[in-house]
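Me: I have some questions about the labels used for this model. Please set each value against its cut-off.

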Amino acid sequence: MQNNYYWACIVQPLGSELGYFPDEMHDTLKVKFASEWQSIEINDKQIGLQTVNSTARMNTKDFEVYADQIRIWALTELGIRLMLPNEFN
């Protein structure tokens, strides 16, 4: 259910509004909201790497936090109100 909601009520509307194909929008959202920076040492140098987490591996609670962050960002930064899960049929 979360996955259906995500694609229908988050990815599709944002992609349509911003001019992205669904897979592009999904990848963009993952980079923005499901990634983290790590520092690794190579040859005595610290190198920063960004890792992007898989939404498919998120548990339901983590996925809801992810979706909530996107909804808040869409409303506050873009002026786009996305449907809440309880509004999705």
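Me: Why is Tyr5 called buried?

Reply: Tyr5 has 4% relative accessibility. Buried means under 20% relative accessible area, exposed means over 50%, and partly exposed lies in between, with a 1.4 Å probe and protein chains only. Tyr5, at 4%, therefore counts as buried. This is a predicted model: local features need pLDDT of at least 70, side-chain atom pairs count only at pLDDT 80 or more, and totals for chains, interfaces and linings use all residues. Residues are numbered from 1 along each chain as its sequence is written, and side-chain values use heavy atoms, with hydrogens and water left out.

Me: What makes Phe88 partly exposed?

Reply: Its relative accessibility is 30%. That value puts Phe88 in the partly exposed class.

Me: How many aromatic pairs does the structure hold?

Reply: There are six aromatic pairs. Rings of Phe, Tyr and Trp (its six-membered ring) pair if their centres lie within 6.5 Å; planes under 30 degrees apart count as stacked, over 60 as edge-to-face and the rest as tilted.

Me: What makes the pair of Tyr5 and Phe88 edge-to-face?

Reply: The centres of Tyr5 and Phe88 are 6.0 Å apart, and the planes stand at 65 degrees. An angle over 60 counts as edge-to-face. The pair links distant parts of the chain. Tyr5 sits in helix α1, Phe88 in the segment after α3 (60-78), 83 residues apart.

Me: Why is the pair of Tyr6 and Trp7 edge-to-face?

Reply: The ring centres lie 5.7 Å apart and the planes meet at 80 degrees, so the pair of Tyr6 and Trp7 is edge-to-face. Tyr6 has 0% relative accessibility and so counts as buried. Trp7, at 25%, counts as partly exposed. Tyr6 and Trp7 also belong to one aromatic cluster with Phe63 and Tyr66.

Me: How do you know that α1 is roughly perpendicular to α2?

Reply: Helix α1 (residues 2-18) and helix α2 (residues 22-33) pack at about 100 degrees, with axes 9 Å apart. That angle makes α1 roughly perpendicular to α2. The classes are under 35 degrees for roughly parallel, over 145 for roughly antiparallel, 65 to 115 for roughly perpendicular, and oblique for the rest.

Me: Which residues of α1 and α2 meet?

Reply: Contact means heavy atoms within 4.5 Å. Tyr6, Trp7, Ile10, Val11, Gln12, Leu14, Gly15 and Leu18 in α1 meet Pro22, Asp23, Met25, His26 and Leu29 in α2.

Note on methods
Axes fitted to C-alpha atoms, helices over the stretch in contact; angles between N-to-C directions. Helix = DSSP H or I, 4+ residues; strand = E, 2+ residues; numbered from the N terminus.
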